[in-house]
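Colleague: Could you take me through how one reads the relation between two copies of a chain, and then a ligand site?

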Protein chains: 2
Amino acid sequence: ERRGAVIDGKSIAGQIRKEIAAEVANLKETVGKVPGLAVVLVGTRKDSETYVRSKKKACEEVGFASFGVTLPEDATQEEIVNCVNQFNDDPEVHGILVQLPLPKHINEEAVVGAVSFEKDVDGFHPINVGTLCMQGRKPLFVPCTPKGCIELLLRSGVELKGKRAVVIGRSNIVGTPAAQLLQRQNATVTVVHSATTNPAEIVREADIVVAALGKAEFVRGDWLKPGAVVIDVGINAVDDPSTKKGYRLVGDVCYKEASQVASMITPVPGGVGPMTIAMLLANTLDAAKRSFGVENA
Amino acid sequence: ERRGAVIDGKSIAGQIRKEIAAEVANLKETVGKVPGLAVVLVGTRKDSETYVRSKKKACEEVGFASFGVTLPEDATQEEIVNCVNQFNDDPEVHGILVQLPLPKHINEEAVVGAVSFEKDVDGFHPINVGTLCMQGRKPLFVPCTPKGCIELLLRSGVELKGKRAVVIGRSNIVGTPAAQLLQRQNATVTVVHSATTNPAEIVREADIVVAALGKAEFVRGDWLKPGAVVIDVGINAVDDPSTKKGYRLVGDVCYKEASQVASMITPVPGGVGPMTIAMLLANTLDAAKRSFGVENA
Ligand SMILES: NC(=O)C1=CN([C@@H]2O[C@H](COP(=O)(O)OP(=O)(O)OC[C@H]3O[C@@H](n4cnc5c(N)ncnc54)[C@H](OP(=O)(O)O)[C@@H]3O)[C@@H](O)[C@H]2O)C=CC1
Ligand SMILES: NC(=O)C1=CN([C@@H]2O[C@H](COP(=O)(O)OP(=O)(O)OC[C@H]3O[C@@H](n4cnc5c(N)ncnc54)[C@H](OP(=O)(O)O)[C@@H]3O)[C@@H](O)[C@H]2O)C=CC1
């Protein structure tokens, strides 16, 4: 039996971006239009600015139109919502993203809720969450990171139907939608969270483990069933004086131990991380095709 | 250790209806208004007529105003939606219920989706499903049957936090919301469905089992961990020539076997069944109090 095969998220994400670029070129030719993504940034947080910049760059690389508004830190909620509404009304914008976190004086729920569920490329709107959780319904958008997790599994040929999956974490942006997506693939899913008393024992039952709890190297090698497939969503900075920056990034799984036991595993960085932006592009492309009246494959 | 204590849904539901009647009497005195429930029935199915009649009767018993429209079997979708919209606009109606199934020529999703999510006492609207599944959010309404299951557990003093719960079934009206509600009580939840390969083994891990798959006596005694608590949602008619009607009702769990192993168990009938209407009344009362601007306890 093979052990520790690396699921190369960077390479798979690159492949997906190529596929998207080809579709965009084709749309440009046949429909004469391209997908458009709008990003709303409030304030001057360095990390948010970096994220927004890399999203814009990714848009441009695949041929999307990219729209952006930066509002000052002291913008009022009304100003931000107005800005979202302008993008809601703009036919050239197919996806809208509000970069989080917003300044403390702003009600995030109200601002994120102002994004039309038809342009909700983050998949955070209650209608999209609801339809994700409903049999016989299909959400317009699925949150990008968990969508990326499933895409990694599917593109790696991992059978999900009838398998036991354990998702560690139940946040709105990762754990809960990941569990729903695995269940839609007919896995039998258990969700572990901070009140779970015996996480190691439960994880040991799993054929597929998705770790999204935000605790450095929390899942150990001996928590895993031999041959399990591990998707590590965590991105945690741990002190490391031997590096230039003084820290390095590790996942929620102890990679060194886990890669001895798992059949396949995502590295951190270079696993789930690169998939998130690729799925944002995929969601925006889907939205544009819906708006153009072009069939999704 | 005690075995096979009966969770008496009929008695608990009766208690809840008394509590609701007392609140209604109090509202009548202090606010001068009572909760109103509207039921839309299309066609002349005998079973639907029976359900609607018992819902109206339950409303009247607790002092609600009850509104009802019966449309002919050949009503158009537009006529049904118009009827729903009239109730949406009627300030005396706080809850609206469309009796399912609708005739075959009607798009159920469209009709049920026409009910304002603020009057959606069935809890089926995607917004209410979405907010049920989101951390930090609270749905306006939770589907009645799963809400009844949790209420039975809570009123029976069953500790849920940190316990393992297995829900068998993942339908929109029972299994999926039951799993979400158990998780909100901080149980660690596994959802078993028709593609699950080893249901007996998984059920044996559970401290709490909710069976909602619709298969007579599917869950056997030896599937249960000794001392588990069993909530049996199933209502299945099985042939029984010894009875006057020629059939009797059994649950999804083999009661005779399970009651030897479980610490507590709901009977069928008289377990979850009576809770469904009680929760419908509770949802309608909540809606009315929101509309009156009266604090919920
Ligand atoms: N592009 C990417 O790759 C992305 C990576 N991430 C990373 O994924 C991780 C999770 O992110 P996010 O979901 O936003 O985090 P949150 O902090 O929002 O959620 C963490 C979840 O993990 C659960 N949890 C916390 N501690 C434990 C524990 N000891 N045992 C079991 N469960 C626990 C919490 O449970 P409870 O609900 O009970 O509190 C909660 O549901 C982070 O490391 C984050 O950096 C996130 C988004 C994108
Ligand atoms: N007031 C009350 O007490 C109520 C009682 N009920 C009763 O509850 C039961 C369930 O109702 P409902 O949820 O509407 O039923 P559905 O038929 O809509 O859903 C049944 C669920 O059970 C799953 N299932 C079916 N067969 C198996 C199997 N062999 N092993 C594991 N899972 C299986 C299905 O899985 P999959 O998704 O893979 O197909 C599905 O998710 C019925 O007996 C119904 O009469 C229902 C509502 C109210």
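Modeller: To compare copies, one superposes them by least squares on the C-alpha atoms of residues with pLDDT of at least 70 in both. This is a predicted model, and in it a rotation of 180° with 0.0 Å of shift along its axis brings chain A onto chain B, with an RMSD of 0.0 Å. The two copies are therefore related as by a two-fold rotation axis.

Colleague: Which C-alpha of chain A is nearest the axis?

Modeller: That of Gly130(A), which lies 1.8 Å from the axis. The two copies also use the same surface, since 100% of the contact residues of chain A recur in chain B.

Colleague: Which chains contribute residues around ligand 1?

Modeller: A residue counts as near a molecule if one of its heavy atoms lies within 4 Å of it. Here 22 residues surround ligand 1, and the closest are Arg170(A), Ser171(A), Ser194(A), Thr276(A) and Gln135(B). Because the surrounding residues come from chains A and B, the site is shared between chains. By class, this shell holds 9 nonpolar, 11 polar and 2 charged residues.

Colleague: Which polar side-chain or backbone atoms lie close to ligand 1?

Modeller: A side-chain N or O atom of Gln135(B) is 2.7 Å from an oxygen atom of ligand 1, while a polar side-chain atom of Thr276(A) is 2.8 Å from a nitrogen atom of the ligand. From the backbone, a polar atom of Val233(A) lies 3.5 Å from an oxygen atom of ligand 1. Taken alone, the ligand exposes 930 Å², of which the protein buries 72%.

Methods:
Residues numbered from 1 in each chain as written. Chains lettered and ligands numbered in written order. Predicted model: local features only at pLDDT ≥ 70, side-chain atom pairs only at ≥ 80, totals over all residues. Heavy atoms only, no water. Polar contact = N/O pair within 3.5 Å; in protein donor to acceptor, adjacent residues only side chain to side chain. Areas by Shrake-Rupley, 256 points an atom, 1.4 Å probe, with all protein chains shown as cover. Nonpolar A, V, L, I, M, F, W, Y, C, P; charged D, E, K, R; others polar. Contact = heavy atoms within 4.5 Å.
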